[in-house]
Amino acid sequence: MQSHEITIEIGGHPVLLRTKDHRFRDLLVKRYAGFIRGKANSSFDFEIDLLSAPAQPCDDDVCVECTDGMWRMRRGDFVAEVDAAQGHGRIRQTANPYSIDSVLRIVHSLILAREGGFLLHSASAIRNGGAFLFSGISGAGKTTISRLAPPDAKLLTDEISYIRRQGETYYACGTPFSGELQRSGENCSAPVCRLFFLQHGLENKVESLSQTDALRRLLRNTLFFAEDEVLVKKIFQAAGEFLDRVPAQQLTFLPDSRVWSMIQ
Amino acid sequence: MSDKYIARSAAIASRMLAGEMMVMSAVDSTFFTLNEVATAIWQAADGQTPLSQIVAEKVCAEFDVDPETARQDAQQFVEELSRHGILLISDDPLDTVQSPTEAA
């Protein structure tokens, strides 16, 4: 049976997906519009086996394990494994775009960890050539501040920011990972110039944070899926080095567009 | 009570920031911020120096604290960190462990 391929590139890292179902490929083309690219040397490739029923009883928590260089990921709606060194993997899932989304987040968190980068629970946007990150847990205001963004701001995501390190500079890259806004970010990148931790309040104000507080908050909002010693150490190191180079502040804001006058 | 020896686990990542040591367990991602006194004990935890000697030389000699309070606080501190696998405690000297990931 013919295999249908699609390459999804996020943050400059292409991941190749293969499926025997052309309708599923079409579904992915639609879901990842703006992040599809032609043939490329991908770091990871996956064969997708489509199931008629969920892989296992429903469980909302993603479980990721690493043994002997094999990453195994599972949730109620999918089971996947990948050889981290070779980059070849397999996904078993039903025909939906959400399972792939979770696998891609996990895979990109691994790719970034190798390079000193990370995925962060945050909205991000480019303004005047620099990228701003707005981090916080659910309800902190990521989607709200994204909705309030002025026309000159390029929204990279309202949910999961992609932080890539190149030399001494950290870049925020657009992602298709969306939150309540339910639309992909723009596929572009810019050097990160500031990290804000969001908080709703009765006025707009920016306050400084101690380095220890900033590190604690950054780690709390960083996505890492596996209780893997090597990975945890890399993430910790990456977070510390990021804060050595990027100022972190607390942004308290009212839900109106005036807050963006403080972000430029 | 017999003297104890303490050593930093290899399964941690740590970083000194503004005079405070930030330590994270690589096993369960538990995160600790150590104050100055705890940092002094942490840095002296080489597996070879008895805890009583660390308290005498690194705590009582450097900070304004009475020996009995320092001893009790140190005991409590090392027991808490050992529960998270961050510090190793033994009745005998411990072999030097791999240096943790640490940045100044």
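In what sense, parallel or antiparallel, do strand β1 and β6(B) of chain B pair, and over how many bridges? The pairing is antiparallel, and β1, residues 5–8 of chain B, joins β6(B) over 4 bridges. One residue pair to look at is Ile6(B), whose bridge partner in β6(B) is Ile89(B).

Before I go on, a reminder that this is a predicted model.

Now the sheet as a whole. In chain B, 3 strands make up an open sheet, and the order is β5-β1-β6, with antiparallel pairing. The edge positions are taken by β5, residues 46–50, and β6, residues 87–90, of chain B. Each of these two has a single partner strand, so one side of each has no neighbour in the sheet. From one strand to the next, the twist averages 25°.

What packs on this sheet? Helix α2 of chain B does, residues 51–60, and the strands that α2 touches are β1 and β5 of chain B. The direction of α2 makes about 75° with that of β5(B).

That leaves the contact between the chains. Here 13 residues of chain A are in contact with 16 residues of chain B. On the chain A side, the elements giving two or more residues are α4, residues 211–221, and α5, residues 229–245. Which of these gives the largest share? It is α5(A), with 6 residues. By residue class, the side of chain A that touches chain B divides into 4 nonpolar, 5 polar and 4 charged residues.

Note on methods: Residues are numbered from 1 along each chain as its sequence is written. Chains are lettered from A and ligands numbered from 1 in the order in which they are written. This is a predicted model: local features need pLDDT of at least 70, side-chain atom pairs count only at pLDDT 80 or more; totals for chains, interfaces and linings use all residues. Two residues are in contact if their C-beta atoms, placed from the backbone, lie within 7 Å. Ala, Val, Leu, Ile, Met, Phe, Trp, Tyr, Cys and Pro count as nonpolar, Asp, Glu, Lys and Arg as charged, and the others, Gly among them, as polar. Two strands pair if DSSP finds at least two bridges between them. Axes are lines fitted to C-alpha atoms, for helices over the stretch in contact, and angles run from 0 to 180 degrees between N-to-C directions.
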